[in-house]
Amino acid sequence: MALYGDPERGSSMDSTESRWVFQEDEDDASEIEEYEADLRHHHSVLDSDDEDNGEQRLVRTGPRIDSFDVEALEVPGVQRNDFEDVNMGKKIILAFQTLGVVFGDVGTSPLYTFSVMFRKAPINDNEDIIGALSLVLYTLLLVPLVKYVLVVLWANDDGEGGTFALYSLICRNAKVSLLPNQLPSDARISGFRLKVPSAELERSLKFKERLESSVTLKKLLLLLVLAGTSMVIANGVVTPAMSVLSSVNGLRVGVDAIEQDEVVMISVACLIILFSVQKYGTSKVGLAVGPALFIWFCSLAGIGIYNLLTYDTSVLRAFNPIHIYYFFARNSTKAWYSLGGCILCATGSEAMFADLCYFSVRSVQLTFVFLVLPCLLLGYLGQAAYLMENHADAGQAFFSSVPKGAFWPTFLIALVAALIASRAMTTATFSCIKQSTALGCFPRLKIVHTSRKFMGQIYIPVINWFLLVVSLVFVCTISNIDEIGNAYGIAELGVMMMTTVLVTLVMILIWQIHIVIVLSFVVVFLGLELAFFSSVLCSIPDGSWIILVFAIIMFFIMFVWNYGSKLKYETEVKQKLSMDLMRELGSNLGTIRAPGIGLLYNELVKGIPGIFGHFLTTLPAIHSMIIFVSIKYVPVSMVPQSERFLFRRVCQKSYHIFRCIAR
């Protein structure tokens with residue numbers, strides 16, 4: 001069926017005139033009836049390009065409506081993700097780029113995980129090494145692999161990942177947004193289509209109704225999202241400090257005379273270089289550093305295999321989880337403290353999800369499963385094998401385990417990898433801030449799109465330099481690896497727990513899977529994360545409290561901005577002009593109408609803004625045509641170009657007043 005509604009022709013036709021349209025076959029009769037009902041209800045015009053398909057016959061429709069008297073509907077067509085049409089060659093390139101953007105954080109965790117763990121729980125015998133290794137191996141398998149790669153990555157918002165992407169997805173499925181500027185037409189954007197709860201799934205419907213009807217639950221959900229996002233930003237500060245400082249610390253193994261102050265100065269120089277190249281974009285930098293990180297992962301695997309064969313292959317026993325029990329039975333409290341170091345092996349897991357807008361789900365999954373995870377496992381196995389015969393080197397487990405002939409090449413590669421790791425969390429921070437801005441929870445900042453093809457690849461200059469300054473302060477004030485590692489764990493676990501809660505809501509509302517699976521996901525992963533979190537909280541007095549204070553400040557900024565945005569919009573709604581007043585003024589609006597077009601920007605999506613009344617009383621004349629322009633964010637990752645603008649007439653035709661909503 002083809003229905004034509006050219007706005008230019010439509011405005012010149014009589015509104016009461018009926019039209020003839022083509023019908024393809026008798027099965028489309030119900031569609032035409034639905035269309036006519038929708039036309040009478042919404043007074044809208046629907047375009048389609050299926051004119052030449054199938055058999056056609058003419059059917060009379062209802063009266064044609066002037067398209068400027070109503071909101072324009074969209075051209076049908078489902079929004080497609082930028083990554084759906086890429087061929088195998090491009091998938092390989094994307095997978096290679098993910099190394100340089102997504103996996104730097106989790107890839108550099110072997111630099112410091114064992115060092116922090118064994119400072120909290122010193123080695124008494126070889127069984128402690130096996131137990132700690134078993135704990136690390138299963139943390140890697142459960143958190144990054146099972147939770148994030150196999151589950152969380154699929155909870156993306158049409159390619160967008162991160163805390164606010166989950167919130168946006170939930171907002172689209174249930175009316176939980178606190179900003180009262182939703183329109184029925186928003187739900188007719190093609191990218192808005194999703195699997196909604198069916199009538200058969202009573203649990204989903206009841207949960208959805210409860211969530212929509214409770215203001216308290218809506219506010220609680222928003223607070224959880226803001227808390228998670230503040231932790232992501234805190235991660236963007238602590239990741240560079242931890243990664244760069246731990247890699248530069250390797251100099252103390254290779255050069256005996258170097259002091260800690262010199263290590264800090266070198267780290268500061270590296271951080272300045274890192275944030276200076278951020279502006280060149282994800283694709284360019286990702287391709288440039290992708291080979292470096294590939295070499296890093298190969299080095300991890302190679303050194304791990306060498307140490308396994310040279311020292312002790314019995315560490316392979318760590319794949320038996322019973323050794324975790326033995327580790328806790330022998331060390332009790334100290335083993336519990338060591339959890340704060342163990343979680344560092346999973347840092348960067350959230351970056352995989354938050355950086356998803358830069359790449360496709362498949363490219364991230366394939367790269368992690370077939371390259372990143374095997375290399376990490378071999379790296380940890382190799383370090384444990386070395387420590388079996390060298391207990392005294394536990395404080396610098398990674399660099400001490402590197403063969404002497406390969407130390408300096410490995411140090412240089414580790415330093416580059418650490419810089420890349422810092423960049424991974426920075427790009428994740430950009431993505432989260434962009435999403436929070438779209439939902440009115442962060443001040444609007446200049447966003448630079450670094451790719452013409454992929455909309456998600458962005459750079460935010462103000463945030464980039466802000467993160468640099470705070471990271472430098474952090475490195476200079478807290479140069480102890482243990483304290484920074486503890487702060488790292490707090491920031492990472494904070495956002496992990498928020499992600500678990502939000503993905504659980506997605507499972508209930510959107511995926512609609514069995515309640516047993518949902519409960520299993522919550523109990524296993526939230527319980528695991530709470531255990532880790534309880535460990536890192538006990539070390540807050542050591543100096544890691546600084547990162548908590550920073551996260552609270554960011555949370556407060558976002559909360560106040562969201563509250564102010566909501567209050568501002570509600571005030572504009574209360575102060576809008578009545579249509580009765582406009583009718584009393586007449587088409588000349590009680591003033592002189594000068595030739596020209598006047599654009600008046602405001603937040604209202606309905607009604608006449610109060611500021612317009614101020615213009616009428618203070619200006620000697622007003623333009624002959626007035627357009628109220630409202631820039632409105634909708635909870636989809638990208639609005640198709642053909643659906644970005646809604647035009648409608650305000651007041652009678654003779655007033656020449658229109659509204660344009662740019663979505």
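**Finding our way around**

Mentor: Histidine 656 is partly exposed, with a relative accessible area of 38%. Keep in mind that this is a predicted model.

Trainee: Where does histidine 656 lie?

Mentor: In the loop between strand 7 (645-650) and strand 8 (657-662).

Trainee: What about serine 332, what is its phi?

Mentor: Serine 332 has a positive phi of about 45°, although it is not a glycine. It sits in the loop between helix 13 (322-331) and helix 14. Serine 332 counts as partly exposed, at 44% relative accessibility.

Trainee: Let's step back. How many helices and strands are in the chain?

Mentor: The chain has 24 helices and eight strands.

Trainee: And what share of the residues is buried?

Mentor: Buried residues are 55% of the 663 in the chain. As for contacts with a separation of 6 or more, 84% are between residues 24 or more positions apart.

Trainee: Which helix is tyrosine 148 in?

Mentor: Helix 6, residues 126-149.

Trainee: Buried or exposed, that tyrosine 148?

Mentor: Tyrosine 148 is buried, because its relative accessible area is 0% and buried means under 20%.

Trainee: What does tyrosine 148 touch?

Mentor: Setting aside residues up to four places away in sequence, its contacts include Leu153, Ser349, Glu350, Phe353 and Met496.

Trainee: New topic. Which residues of helix 5 are buried?

Mentor: Thr113, Phe114, Ser115, Val116, Met117, Phe118 and Lys120. That is seven of the eight residues in helix 5 (residues 113-120), so this helix is largely enclosed by the rest of the structure.

Trainee: What covers the buried residues of helix 5?

Mentor: The cover includes helix 6, helix 9, helix 14, helix 16, helix 17 and helix 20 (481-511).

Trainee: Helix 14 is on that list. What is serine 338 in contact with?

Mentor: Serine 338 lies in helix 14 (residues 333-342). Leaving out neighbours within four places in sequence, it contacts Met117, Lys120, Ala121 and Phe327. Met117 and Lys120 are among the buried residues of helix 5. Serine 338 counts as buried too, at 0% relative accessibility.

Trainee: Now helix packing. At what angle do helix 9 and helix 18 cross?

Mentor: Roughly 170°. Helix 9 covers residues 215-248, helix 18 covers residues 407-438, and their axes come within 8 Å. The angle makes helix 9 roughly antiparallel to helix 18.

Trainee: Which residues make the contact?

Mentor: From helix 9, they include Thr229, Val232, Gly236, Thr239 and Ser243. From helix 18, they include Phe411, Leu415, Ala418, Met425 and Cys432. By class, this contact has 15 nonpolar, eight polar and no charged residues.

Trainee: Some of those numbers are three or four apart. Why do residues three or four places apart point the same way?

Mentor: An α-helix has 3.6 residues a turn, so residues with that spacing point the same way.

Trainee: What about threonine 426, buried or exposed?

Mentor: Threonine 426 counts as buried, at 0% relative accessibility. It is found in helix 18.

Trainee: Where do Phe275 and Asn464 meet other residues?

Mentor: Phe275 is in helix 11 and Asn464 is in helix 19, and both belong to the set where these two helices meet. Helix 11 (residues 260-276) and helix 19 (residues 461-477) pack at about 170°, with their axes 10 Å apart. That makes helix 11 roughly antiparallel to helix 19. Their contact has eleven nonpolar, four polar and no charged residues.

Trainee: Last one. How many cavities of 30 Å³ or more does a search find?

Mentor: One, in a search of the whole structure. About 50 Å³ of space lies in the largest cavity.

Trainee: What lines the largest cavity?

Mentor: The lining includes Pro110, Leu300, Asn307, Gln383 and Phe398. Helix 12 gives the most, with four residues. By class, the lining has four nonpolar, six polar and no charged residues.

Conventions. Residues numbered from 1 in each chain as written. Predicted model: local features only at pLDDT ≥ 70, side-chain atom pairs only at ≥ 80, totals over all residues. Heavy atoms only, no water. Axes fitted to C-alpha atoms, helices over the stretch in contact; angles between N-to-C directions. Parallel < 35°, antiparallel > 145°, perpendicular 65-115°, else oblique. Contact = heavy atoms within 4.5 Å. Nonpolar A, V, L, I, M, F, W, Y, C, P; charged D, E, K, R; others polar. 1 Å grid on protein atoms, 1.4 Å probe; cavity = no way out; pocket = protein on both sides within 12 Å on 5 of 7 lines; lining within 4 Å. Points joined across faces, edges and corners; volume = space filled by probe spheres on them. Buried < 20%, exposed > 50% of the residue type's maximum accessible area, 1.4 Å probe, protein only.
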